[in-house]
Amino acid sequence: MKSETISALDLHFGLLMERLAGCACPDLARISALVSATTREGHIYLDLSDLPFPVPGPGAVLKKLWNTGVVGKPGDFKPLVADGRGRVYLYRYWQYEQSLAVWIDGLTREKPETPKMSSLAIRLARLFPGREKEQVDWQLIAAFVTMMKKFVVISGGPGTGKTTTAAKILALLMEEAWPAVLRIGLASPTGKGAARLQSAMNLSKGSLGCSDQIRDALPADASTIHRLLGPMEASSYFRHNAENRLALDVLLVDEASMVDLALMSKLVQALPPECRLILLGDKDQLASVEAGAVLGDICNTGRDHAYSKTFSRSIEKATGYVLEPGEKRVPPIADCIAHLRKSYRFGSESSIAELSAAVNRGDWFTGRELLREKSCGDITWRDLPPPKLLGKNLRESVLEGFRSVFRPLDADKVTENLERFRILCALREGPYGAVGVNLLIEEILRSEGVIRGAGKWYPGRPVLVARNDYELRLFNGDAGVALPASDEDGDLKVFFPTTSGVREIHPLRLPEHETCYAMTVHKSQGSEFERVLLILPDRDSPVLTRELVYTAVTRAKRSVEIWGREDVFRAALDRCTVRKSGLREALWEKS
């Protein structure tokens, strides 16, 4: 770890641990500071074998740390926890990881009451009509897995029908419980995601092959995970927890790749023992902004897995599909995951689909050839202009993409228009970062009279929340737009979409926020736009990974344009996101 990644807060934490130890111990202070910095960078623990300074050896360092009194072994209540493999955690992150691993492992091994195969096969055929026998219907497989397991992950890229599949699954579960009515919750990490989930679920209801009674009993509302758990003012804790559980029989969480370790751990602790948990997401997307890579760890991303022999036989009995089982002993978690493969948004000839698949494989050569050959269709490559000419080169795209945002200035129309085009940046800072690009965009729009006034706030300004505010129920990643208020004064307010419409908040009350004509790829997770322009930097950076490029490309529904340098593009596709975590090992290797 480079010294510049250590913040003042990290250094103070290290010195605090040394003071608590009651003796001079420079190694303890340095390691504690590194643990704090490592967590900020998204990792769950610090590996003692990767220390940036010489030490006698992990074993000797472990003994020294355990003797300080502030570093405990697993299970000890100490500020830091170090296990026998040389992994040092902040206590709360060790606890988050352990509690989540134990909870998931317990549910994967639990055998719930399963429906009769004959009746289940009939209901599956009714809800998934017209399936091809020669080609596996993975949506049908996902439904079967959910009926058989209490913990399920349904992963798939954009347009693979995750939400449509989920609506059919909820209908199946409701039919199975009828005449009892299941208490079903729908949640997403962001307000925008919750609104999209609610809209998609309600749209899917109309085409379900079930009775009106079942259809009417399905949930109509979705919420953010934070709102579902009930945030406590000025606290990172929630009203619902292990002592005050949610009143739910089924919880469906969309955009699960965005959920960090801490939030996922708190969520599962608040679920009653009988509750089913269904996670929807794309395992190949970027990990959460905060620490952890929960969905990737659960799915063991980067490796293909088959179902166990027993479960494969059950699938064949209920669906008729013969799936090749795993050759070796398959851990229980493998039978709880369904991966949707067919995209209904992009046809087989879609260049976006081809490019995203190549990026996902790390296939730089194919990706480059696609961008070169098809650079006039739905994917386009453009050489990155120098910083001084970036604004000039952006002008045409900015005016074409954002001029319509300001005509008319209506909350629903502005939000709709903003989703037609977005500029995504790999970095936040620097000449090609989101902050600088947003300033260039505002300068272009002001020069054309699109933005009126020279102030920070103006009608039509899109903003993105950058810090959670539990009192206002605004969370990192929520997007809004500044518009004249609907009251008599007509002062500017920021309109945030909700599952029931919009709500207005005065700009002065907002937590930390930023303009978002351009946004980082990380912040774009959970969003979709008609057209996307991705700007890569002019040099390599550790944050440039194939997951970042894949996430950016798959935000586009109609077209994507990439500005960059070939060597930087190649370096990104050669690099995978790696987050140090023990969750993957606990679920896949210890079983």
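**Notes on the cysteines and a parallel sheet**

1. Let's start with Cys-576: its sulfur sits 15 Å from the closest cysteine sulfur, the one in Cys-299, and that is too far for a bond. Keep in mind that this is a predicted model.

2. Cys-336 counts as buried because its relative accessibility is 0%.

3. Five strands make up an open sheet, paired in parallel and ordered 11-20-19-12-18. At the edges you'll find strand 11 (379-383) and strand 18 (518-520); each has a single partner strand, so one side of each has no neighbour in the sheet. From one strand to the next, the twist averages 25°.

4. Have a look at where strand 18 meets its partner. Strand 12 (residues 421-425) pairs with strand 18 in the parallel sense, over three bridges. Cys-425 has Thr-520, in strand 18, as its bridge partner.

5. Which strands does helix 16 touch? Helix 16 (residues 390-402) packs on the sheet and touches strand 11, strand 12, strand 19 (529-535) and strand 20 (556-564). The direction of helix 16 makes about 145° with that of strand 12.

6. Helix 18 (residues 434-447) is worth a look too: it lies across strand 12, strand 18 and strand 19, and runs at about 175° to strand 18.

Key. Residues are numbered from 1 along each chain as its sequence is written. This is a predicted model: local features need pLDDT of at least 70, side-chain atom pairs count only at pLDDT 80 or more; totals for chains, interfaces and linings use all residues. Side-chain values use heavy atoms; hydrogens and water are left out. Two strands pair if DSSP finds at least two bridges between them. Helices (H or I, at least four residues) and strands (E, at least two) are DSSP runs, numbered from the N terminus. Axes are lines fitted to C-alpha atoms, for helices over the stretch in contact, and angles run from 0 to 180 degrees between N-to-C directions. Contact means heavy atoms within 4.5 Å. Buried means under 20% relative accessible area, exposed over 50%, partly exposed in between (1.4 Å probe, protein chains only). A disulfide is a pair of cysteine sulfur atoms within 2.5 Å.
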